[in-house]
Amino acid sequence: MRSKKFIILTITVFFTLFASYIYLVDQFVVVERAVPYSYRQFLLESTETISGKVIIESGSNSIHSIDPFLLSDYFNAPVITSAANAGYPIYPKIFNLLKVVKKGDILILPLEWNQYSYEDNLPNNFLNALADKNLKLEYYFNNLPLWEKIKFTLTQYPLDKVIDGLLQERNSEQLLRADLSRLSRFESILLANSNQTFGNSDRNGPEPVEKDGSHNRSCDEYVLGKQLTNGFIITKAFKDNLHSLKKLVQQGVDVYFTWPAVVDHQRSQCYQGLTIQNELKNFALKIKTIVEGEGFKFIGNYEQSKLPERCFLNTFYHIKKECATERTESLIRELTKRSVLPLKGDSSKSDLILVVHQRIKDTRKSLAKKLNNFLPTISVETVEARELSEKLLFVSGWSTQEKWGLWSLGEKSTFSFKLEDDLLNKDTVAVKIQGQYYNGIEETKVVINGLDLGGHVLMDKTFIVPTKLIKNNQVEVQFESTSTVSPAQLGRSTDTRNIKFGLKALSIS
Amino acid sequence: MLFNSTVYIFIFLPLVLLIYFSLNKLRYIQLGKAWLVLASLYFYGFWNPSYLILIIGSMLLNFGIGNSLHKSKKKKKAKGLTRKTVLIIGIVFNLAILFYFKYSDFFIENINVLIGSNFTLLNLLLPLAISFFTFQQVAYLVDCYQEDTQEYDFLSYCLFVSFFPQLIAGPIVHHKEMMPQFSLLKNGFVNYTNIAKGLFVFSIGLFKKVVIADTFAIWANQGFNSQVGLSFFEAWGASLSYTFQLYYDFSGYSDMAIGVALMFNIMLPVNFNSPYKAKNIQDFWRRWHMTLSRWLRDYLYIPLGGNKKGTSRTYINLMITFILGGVWHGAGWTFILWGFLHGGALAAHRFWQGFGLKMPTLLAWMLTFVFVNFAWVFFRAADIPSAMNIIEGMLGFNGIQVNGDFYQFIHYFTGWLPSWQLVNGNKMVGSVKTLQFILLFGYIAFWARNTLELGLNKSKFTIKDSFIISLSLILTVLLGIASTASEFLYFNF
């Protein structure tokens, strides 16, 4: 080959390989999940249509220190906390927010101290979780715009992590099934209408001290460890984040900073060390000056966010639910002082719940559709208890598989399955249900492929289904139950699931 | 700026090439040369701009002395001084600067120990490449004195000293092989064959550095920094890791230097020729850091009398040459001991040769490699006790400990069930990965064709070569994410 041609070819190969690598990372390493692993992320993504909402983003301190009901009442708007581990970098969080914010939204950042002193290299727990078996943090990558994805892949995502991600054994069907079952968990969190519903914590202790450094380090070492080791420095990474935050401002979002909640423990008081007393005031002032210099407002001062020993939950950054109320009240006072006033929007907490609930329903439908492609077909046979989860798709309102079968949960329980072609040549198909009731026999309303079959006792019941109702070989069965009850209500155990009917087998003939 | 940094590969180098060839195409030949000097000085000053004063001052002074030696060719005197005096002043000046920056603390430390004094250390920052450009310019002065040079303009001289591909860690070039190339008009124009060859050689060097040497570095550093005595396999793992790290690092650097120079149509001398294939220690020094060996031979060993002044004097000359060669690498007793060991080995080899005996080739090769490996321990260790710590481990004084994986690996391939002590945890160099790396890249160093054979003599390029180059460049970017580009070992010398 002639040299000039060779050089052109080499350049072409180089860019092709580069592009292939980026494609590989995007499509086969950090695979996008149908449902994000985290409830908070699901909450955030589900509320993208709501304008005039308040989002709290930071580390886990904000999960524990915000009372969403109080803040929601103050702002006259729904409040959600989308915070995650404070060790994770801020910039993917910003791009993540950019996908869901609307004009008129408010973002509050009670950043933890280490977030002002981020280093350039990303922490391992973040990098590992991008493409681990459960793709726990895939959304931080997948929600980046294309150019940021390319930049991240080539400058931040180490090759060994990419290889680890690529070698993960992942099964699309299992991931989708896990997504479906996670939706049920999300639904129960949502319907609980508690702090957790809005991304916060309901934990009020007492809990053992977490063995993450809270057990053997002082509060200062725990919350300001990075500064005590590397100096009280505001890093370039944080300053770059400030520039990225302006993108949110450009979209009409009001961004406010405030200080993180820290809590004393009987073993160690916060902000009491000699170095901290000498340095922290200046450090906080430096932070405030830089942040306000970029046009953002800083709310309150850090001493106000220090809580007494009685509020300690399990780390120096985690406070009890009862103290989250005090802390939120104090935050509200400071917000009022700085004229951060209630919103004039017309969204509320209940709107948010409705929107998220609808999202759960829609997602469930689309997951069921995808999962049906993986289902094996059923011929003339009896699907025994242990095979139920393999051959049937339990779309909603079902417990996990137990040896004897599954319990229906709540008022509506749906499952589906696929029939073999041969069975569809006949006019009808017989579907036999076998099972047991948890607390007294009652009729259950049965709907098959939209056909209301009325109320029946399902312990050993056969239904005749016309094949003309069956499209794409798929049969969807829905049970509607009344007077469900939990073992806890009956005093039998602490299980709070509302149970009705236990499916043991399904036969087709 | 590092050859293995993305800024160098994707910005600096393409930009310098583009502007250099464009200026030459527009017939601004001198401007093109000036651009190369400027780029080289920027490259040098990228680490620490204050170093620039030193290198520019050194170039000015040496050029002046060289010029004065030229002009006095026929007069035997230069500015009232004899030519020899001028030469001595020049050499003393160069060595004094080198001594001041590189050896003064070592000298003070030893004086303090010797006479119990308490002189304060200067703690000077070693200017980059000082050993290389000093030797290069000393050679130039000697050649001027011996009337073995022609007169060149200052710009060409600056380019000879500062030409960025070889400035930092060699090869140590000779003005005779560089100046004519810089002056050759056709070298100022794009030669795609040279660019293709250069790119290929550069990418091989890059792969050696980024993928191989930097991986061995992890285990070598772990082993040599260990605070506890290493067991047998750990010590061998650490020493062999360093042996291969040094080879792949330095020869990788030399490949990159040669490759980049070739893109500018400049052929640098080859610096490595599969040194670990050597079958005796003399052969090793003909293959390892060849331009340094050449310098030591031409400007030290031969002026000392070489082998022309009798047997015992030959041995003494060898010892002096290699001890000074050791000192050139660094200010420390470990380097002196390393030089002494090599000088001794060369003397022993010469002594053996005197008997006309021949050793079986395989045994000779093994003996040479094992000796070189042992000697590198002194070269790498922070001090002599640390070196002895590794040597003791290699000799089995600290027992044999392995982890489960390593034991299984040995058992799987040999069927042997040795009674070694099994320890928990991920023992550093007792890991299977280290062993696999040593076996694979040892095999390549011992038996595969080297860059010279693979790249420089290459006449045809295929799509496979395009892939090799591209993969090498991509790996540099991707492996550079986890750690910022690491320095080359010879930058410290």
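Below is a short walk from one selection to the next.

Bear in mind that this is a predicted model, where local features need pLDDT of at least 70, side-chain atom pairs count only at pLDDT 80 or more, and totals for chains, interfaces and linings use all residues. Residues are numbered from 1 along each chain as its sequence is written, chains are lettered from A and ligands numbered from 1 in the order in which they are written, and side-chain values use heavy atoms, with hydrogens and water left out.

Stop 1: Select Arg2(A), in the segment before helix H1 (3–29) of chain A; helices here are DSSP runs of H or I, at least four residues, numbered from the N terminus. Arg2(A) is exposed, at 69% relative accessibility (buried is under 20% relative accessible area, exposed over 50%, partly exposed in between, with a 1.4 Å probe and protein chains only).

**Stop 2: along helix H1.** Pick Thr10(A), which lies in helix H1 of chain A. Is Thr10(A) buried or exposed? It's buried, with a relative accessible area of 3%. Neighbours within four places in sequence aside, show its contacts (heavy atoms within 4.5 Å): Leu199(B), Ser466(B), Ile469(B) and Ser470(B).

**Stop 3: over to chain B.** Go to Ser254(B) in helix H10 (residues 232–263) of chain B. Ser254(B) is buried too, at 1% relative accessible area. Again leaving out neighbours within four places in sequence, Ser254(B) touches Asn271(B) and Phe272(B).

- Lys151(A) and Glu148(A) pair at 3.7 Å, N to O. Both sit in helix H8 (residues 146–155), three residues apart; Lys151(A) is partly exposed at 38%, while Glu148(A) is buried at 13%.
- Glu173(A) and Arg177(A) pair at 3.1 Å, N to O, four residues apart in helix H10 (residues 172–192) of chain A.
- Glu292(A) and Arg338(A) pair at 3.7 Å, N to O. This pair links distant parts of the chain, 46 residues apart: Glu292(A) is in helix H14 (residues 274–293), and Arg338(A) is in the loop between helix H15 (321–337) and helix H16 (349–372).

Finish by selecting Arg33(A), Asp179(A) and Arg182(A), joined into one network by salt bridges that share partners.

Conventions
Helix = DSSP H or I, 4+ residues; strand = E, 2+ residues; numbered from the N terminus. Salt bridge = Lys/Arg side-chain N within 4 Å of Asp/Glu carboxyl O.
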